[in-house]
Amino acid sequence: MPERVLKLLRDSGPGQKEVPGPALSAALGITRSAVWKKIRRLQAGGYRILASKSGYRLMDGPELSAFELQSRLPGVKIVFRENASSTNDLALETAFREMTVPPPAAPEAPLPCLSALVLADCQTAGRGRLGRRWHSPPGVNVYMSAVLRPEIPPRRTPLLALAAGLASALAIKGQTGLEVRLKWPNDLIAPAKADGRCKKIGGILLEFRSDPDRVLLAVAGIGINANLKKTDLPKGMGTAATSILAETGRRVNRAALAAAVCKELDYWTGLLRKGTKAEAHLLKGYRSLCVTIGKRIRVQTEGESFTGTASGIDDDGRLVLTTGAGRLRFSTGEVQSVRSGDA
Ligand code: BTN
């Protein structure tokens, strides 16, 4: 597998030291000519690898490629496209066409809850929640869809939404140090500025295929504004949206970020198979990052809207809204902050 050679070259030390051919063949248990073939495949895939008598040195290569992802996520099925209409559509198609309903991963698989990862550099028809478009220009952001087999009954899907939000927030924090927060159910929000405004840095679109008793397949579509410059946000989005680059002043490696999201996602969705104690850990993690709790909000559901105070997230992952008429619970909906006194 060329990605194993890539990983060894990339991990060889500061500035990517030269790695002797015999060291690569010994580490991978293959002949030197097999190593050379894999180097040639990497070179054909756009990697600049200097080959000399004393070894191989990785000079540079694409930031995003199937090799970049596979070398960070060994054993996970990866579908990478430069250009996709929507990675969620591709994930749903791929899951049904190629894998039908993907078989349960072996318990010893590296990421047992994650059946596949579909990632694109650019989307021509990126979809957001509630039928909105998702701005998906090339070369800057993360557009990924993780195919999961959560093995849960349909009524517990709100918990899966929380797991996807928490996983993404923690992965961003781990890769960049940025303290991302969550707006219920799973908008990724940059740390609030002095004016108290919360800007969105990413979002999650969860789609399911279920039979009456269990979720057969879940696709967690995750969009993260990574290296998008403030000036490249479309007109009108600048006040509501931001990016990791705009917040931290630093670029993030998108393959490393996507791989970190997958690992967190596998961990947190895996807890849903493990019973109530594990779920309590998920809920605690989610509640600690959720900015919606305690706020006066309006919840918009199909055709109706309700105003009150978000008093918590219940153990099924639903938003609890305390209103003059009592407590209401929501599995889904659109939340807006309202000023105290607004109806
Ligand atoms: C939202 O409205 O907040 C959810 C946005 C989800 C966008 C991601 S990008 C990758 C995946 N493919 C899509 O078409 N949408 C999701």
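The second largest pocket has 20 lining residues, and those nearest its centre are Arg-129, Pro-185, Ser-331, Thr-332 and Gly-333. A pocket here is computed on a 1 Å grid over the protein atoms alone: an open set of points where a 1.4 Å probe fits, with protein on both sides within 12 Å along at least five of seven lines, and a lining residue has an atom within 4 Å of a point.

Two notes on the source. This is a predicted model, where local features need pLDDT of at least 70 and side-chain atom pairs count only at pLDDT 80 or more, while totals for chains, interfaces and linings use all residues. Residues are numbered from 1 along each chain as its sequence is written, and side-chain values use heavy atoms, with hydrogens and water left out.

Back to that pocket. Its volume is about 440 Å³, a volume being the space filled by probe spheres set on grid points that are joined across faces, edges and corners. Helix α6 (157-176) and strands β8 and β10 (296-301) each supply at least two residues of the lining; helices (H or I, at least four residues) and strands (E, at least two) are DSSP runs numbered from the N terminus. The most comes from β8, with four residues. By class, the lining has nine nonpolar, eight polar and three charged residues. Nonpolar means Ala, Val, Leu, Ile, Met, Phe, Trp, Tyr, Cys and Pro; charged means Asp, Glu, Lys and Arg; the others, Gly among them, are polar. Domain 2 (66-289) and domain 3 (296-337) each give at least three residues to this lining, with bounds from an automatic or database domain assignment.

Now the largest pocket, at about 1100 Å³. Of its 42 lining residues, Arg-132, Lys-183, Asp-187, Lys-200 and Ala-240 are closest to the centre. Where does it lie relative to domain 2 and domain 3? Both domains give residues to the lining, so the largest pocket lies between them. Elements that each supply at least two lining residues include α5 (87-97), β8 (200-210) and β14 (334-337). The lining divides into 14 nonpolar, 17 polar and eleven charged residues.

Last, the sheet. Five strands make an open, antiparallel sheet in the order β13-β12-β11-β10-β14; two strands pair if DSSP finds at least two bridges between them. β13 (326-330) and β14 are the edge strands, each pairing on one side only. Strands β10 and β11 (residues 304-313) pair over six bridges, in the antiparallel sense. Arg-296 has Thr-309 of β11 as its bridge partner.
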